Structure formats: structure tokens, C-alpha cells
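Reader: Please take a close look at a single part of this structure. Describe how that part is placed, what it pairs with and what lies around it.

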Amino acid sequence: MPTDLGAIIANLHAFYDFTRKSVISVGAGGGQLVHAWAPAREVVAIDADERALQSLEQALAAKPFRDRVRLVRADFLRTAFHADMVLFELCLHEMSD
């Protein structure tokens with residue numbers, strides 16, 4: 001698990017401007033990068049683990065951008081969402097080849 005999430009989020013924002021973009025966040029249930037989403041227009045947060053999504057729901061409860069986040073329990077490879085950006089949150093090791 002990365003220890004300096006602030007640095008990771010700063011690097012993400014330096015690389016890509018999330019402002020007014022639509023984002024698909026895959027493996028979002030851990031909520032590690034939830035602060036990266038703050039400037040986004042909308043976020044579809046996808047995770048296959050129901051408990052992880054419940055934790056994410058709790059983490060988002062007090063965030064001012066909560067109303068722009070849609071939580072989806074699904075296998076990303078079986079979804080048909082479209083967005084400006086797809087962010088894989090520390091989850092590639094759990095995906096099939």
C-alpha cells in the first residue's frame with residue numbers, strides 16, 4: 001500500500017487536469033485516491049467488492065463532491081461506461097489477464 005497518497009494525488013493532478021471531466025475510477029472501493037476526484041464533473045466509482053463500496057460510501061459521506069459520485073458494484077471488464085478518463089486505483093493485480 002502506498003504511504004504518501006498526497007504525493008500520488010499531486011502527481012495525478014500534475015499529469016491530468018480532472019477539472020470538469022468525467023472519470024471512471026476502477027477499484028475505487030478502497031478510497032485511497034478519492035481526493036483526486038474532487039475537481040471532476042462526475043465520477044463512476046467501480047468496484048466488485050460490496051464491502052469496499054460500503055467503506056467508500058462512508059468515506060464520501062462528508063465530502064462536498066459526494067453528489068457527483070456514482071458507486072457501481074461490477075467487474076469493470078463487463079461494464080459499458082464512457083468517460084474522459086479511466087483511473088485504475090491499485091487494482092490491476094486483481095484483474096484477470
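Author: A residue is called buried when its relative accessible area is under 20%, exposed when it is over 50%, and partly exposed in between (1.4 Å probe, protein chains only). The model is predicted, so local features need pLDDT of at least 70 and side-chain atom pairs count only at pLDDT 80 or more, while totals for chains, interfaces and linings use all residues. Residues are numbered from 1 along each chain as its sequence is written, and side-chain values use heavy atoms, with hydrogens and water left out.

Helices (H or I, at least four residues) and strands (E, at least two) are DSSP runs, numbered from the N terminus.

Two strands count as paired if DSSP finds at least two bridges between them. β1 is joined to β2 (residues 42-47) by five bridges, and these two strands run parallel. Within that pairing, Ile24 stands opposite Val44 of β2. β1 is also joined to β4 (residues 85-88), by four bridges and again in parallel. Here Ser25 has Leu87 of β4 as its bridge partner.

Ser22 belongs to β1 and is buried at 5% relative accessibility. Contact means heavy atoms within 4.5 Å. Apart from neighbours within four places in sequence, Ser22 is in contact with Arg41, Glu42, Ala83, Asp84 and Met85.

Two of these contacts, Arg41 and Glu42, also meet each other through their side chains in a salt bridge (3.4 Å, N to O). The term requires a side-chain nitrogen of Lys or Arg within 4 Å of a carboxyl oxygen of Asp or Glu. Arg41 is partly exposed at 44% relative accessible area, and Glu42 is partly exposed at 37%. A search of the whole structure finds four salt bridges. One of them joins the side chains of Arg73 and Glu50 at 3.8 Å, N to O. That pair links distant parts of the chain, with Arg73 in strand β3 (residues 69-73) and Glu50 in helix α2 (residues 50-60), 23 residues apart. Arg73 is exposed, at 54%, while Glu50 is partly exposed, at 36%. Side chains of opposite charge can pair when their charged atoms come close.

A nonpolar core is a set of buried Ala, Val, Leu, Ile, Met, Phe, Trp, Tyr and Cys residues joined through side-chain atoms within 4.5 Å. The largest has 19 residues, and Val23 is among those with the most contacts inside it, together with Trp37, Leu56, Leu60, Val69 and Leu87. The elements giving two or more residues to this core are α1 (5-15), β2, α2 and β4. Its largest share, three residues, comes from α2. For Val69, leaving aside neighbours within four places in sequence, the contacts are Trp37, Val43, Ala45 and Leu60. A second, separate core of six residues includes Ile24, Val26, Val44 and Phe76. In soluble globular proteins, nonpolar side chains tend to be buried together.
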